[in-house]
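Trainee: Can you walk me through reading a strand and a helix residue in a new model?

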Amino acid sequence: MLPCGHQWVDEDDVQAVAEVLRSNWLTTGPKVDEFERAFADCVNAREAVAVSNGTAALHAAMFALGIGQGEEVIVPAITFVATANCVVYRGGSPVFADVHPDTLLLDPAQAASKITSRTKAIIAVDYAGQPCDYDALREIADRHELALVADACHSLGASYNGRSVGSLADLNIFSFHPVKAITSGEGGMVTTDDKTLAQQVRIFRHHGITTDHKQRAEKDSFFYEMADLGYNCRLSDLQCALGLSQLRKLPEFVRRRREIAALYDEGLADTPAVCPIAVRSEVSHAYHLYVLQWNLNRLRVDRTEVFAALRAENIGVNVHYMPVYKHPYYHRIGYEMEFCATAERAYAGLISLPIFLHMTDQDVADVLTAVTKVANYFHV
Ligand SMILES: *Cc1c(COP(=O)(O)O)cnc(C)c1O
């Protein structure tokens with residue numbers, strides 16, 4: 001089975017981690033600072049704070065913004081559950097807004113329509129690796145004095161109107177899970193230009209304590225204070241060394257993903273039953289996912305059967321994502337009547353194709369053969 005996503009780790013990544021194992025610092029050491037500095041420079045942000053995973057990064061962002069009981073944060077209906085869960089962790093309520101039918105990105109007009117007196121922030125999700133319409137979202141956020149957060153877990157390496165993802169929102173969230181653009185095993189990052197927000201994220205990842213061991217060592221002091229209820233969600237030096245080594249390869253990683261996507265685009269242009277997600281002209285896409293919308297009006301079966309047929313061809317297809325409010329947990333906490341029409345319609349026909357670094361052109365051709373075969377077979 002050809003997997004849907006897979007990491008690329010080579011010998012210099014292994015060496016980088018081995019060096020840390022032989023050093024004095026396995027965690028809270030120099031590799032953390034080095035990775036943060038390199039990452040901030042890479043995405044053109046002033047500050048980068050490394051945390052244990054993308055979910056912790058989202059949680060830290062909600063903490064830094066002071067989201068609390070009864071407050072609302074607008075999130076797109078189609079995303080990974082963690083985007084909404086981070087609001088619930090803080091006692092707040094995610095408010096689901098519908099997506100644009102062509103791109104499946106948060107629709108700015110839909111987001112605006114969900115704003116109430118309790119709304120504090122908008123989390124935009126760069127679904128599949130395509131940056132959202134940040135100019136429109138910024139305008140709405142400013143007009144209503146809301147914070148703008150980018151869940152950029154799919155879009156490291158992408159840009160919007162020539163500006164890097166990571167510098168487009170007040171807080172920008174990344175994940176280094178193995179299927180993402182670069183990996184540190186598990187890992188996450190928050191980037192921001194705001195020193196105060198960055199400091200809040202640092203406090204959050206270290207128990208709510210306002211100083212770290214380096215600052216205390218400088219002052220020859222034992223004294224520390226816990227100012228708020230934080231957590232331990234630090235990223236170790238082992239992981240930061242891997243992340244740092246991977247970050248150097250990001251341009252090549254993104255280049256190959258775009259190449260695979262272009263082969264898919266070309267190979268599926270004459271298959272009317274499938275339509276790749278639209279890409280807007282002002283973005284450069286990072287292609288974390290390559291998503292097809294299957295035109296169910298042109299098929300005699302539903303997505304479940306298409307999915308099974310592609311798996312039977314040994315293609316490790318996947319579905320990203322069911323609208324978050326349809327999960328049983330969200331039903332239980334009061335979202336059972338929620339309905340975003342575009343998200344529902346899109347979800348019924350979504351299938352993601354394999355896309356990862358060491359896929360060969362032959363692998364891509366095999367996927368195209370399977371997709372056209374299945375599309376033609378079920379065509380009406
Ligand atoms: C991967 C992902 C996350 C969570 O990241 P983890 O590192 O797995 O915790 C959050 N949001 C989106 C959109 C993601 O794809």
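Predicted model: local features only at pLDDT ≥ 70, side-chain atom pairs only at ≥ 80, totals over all residues.

Trainee: How many residues of strand β5 are buried?

Mentor: Start with the residues of the strand. β5 spans residues 147-151, and five of its five residues are buried. The strand is mostly covered.

Trainee: Which residues lie on each side of β5?

Mentor: Look at the two faces in turn. Ala-147, Val-149 and Asp-151 are on one side. Leu-148 and Ala-150 are on the other. Both faces are covered.

Trainee: In what sense do β4 and β5 pair?

Mentor: Check the direction, then the bridges. Strand β4, residues 119-125, pairs with β5 in the parallel sense over five bridges. Within this pairing, Ile-123 has Val-149 of β5 as its bridge partner. From β4 the chain passes through helix α6, residues 134-143, to reach β5. This β-α-β crossover is right-handed.

Trainee: Over how many bridges do β5 and β8 pair?

Mentor: Three bridges, again in the parallel sense. Strand β8 covers residues 171-175. Here Ala-150 stands opposite Asn-172 of β8.

Trainee: Now the helix residue. Is Val-20 buried or exposed?

Mentor: Compare its relative accessible area with the cut-off. Buried means under 20%. Val-20 has 3%, so this residue is buried. Val-20 sits in helix α1, residues 11-21.

Trainee: What is Val-20 in contact with, beyond its neighbours within four places in sequence?

Mentor: Its contacts are Trp-25, Leu-26, Lys-31, Asp-237, Leu-238 and Ala-241. Val-20 and Gln-239 are 219 residues apart in sequence, yet 9.4 Å apart in space, C-alpha to C-alpha.

Conventions: Residues numbered from 1 in each chain as written. Heavy atoms only, no water. Buried < 20%, exposed > 50% of the residue type's maximum accessible area, 1.4 Å probe, protein only. Helix = DSSP H or I, 4+ residues; strand = E, 2+ residues; numbered from the N terminus. Pairing = 2+ DSSP bridges. Right-handed = clockwise from strand over helix to strand, strands pointing away. Contact = heavy atoms within 4.5 Å.
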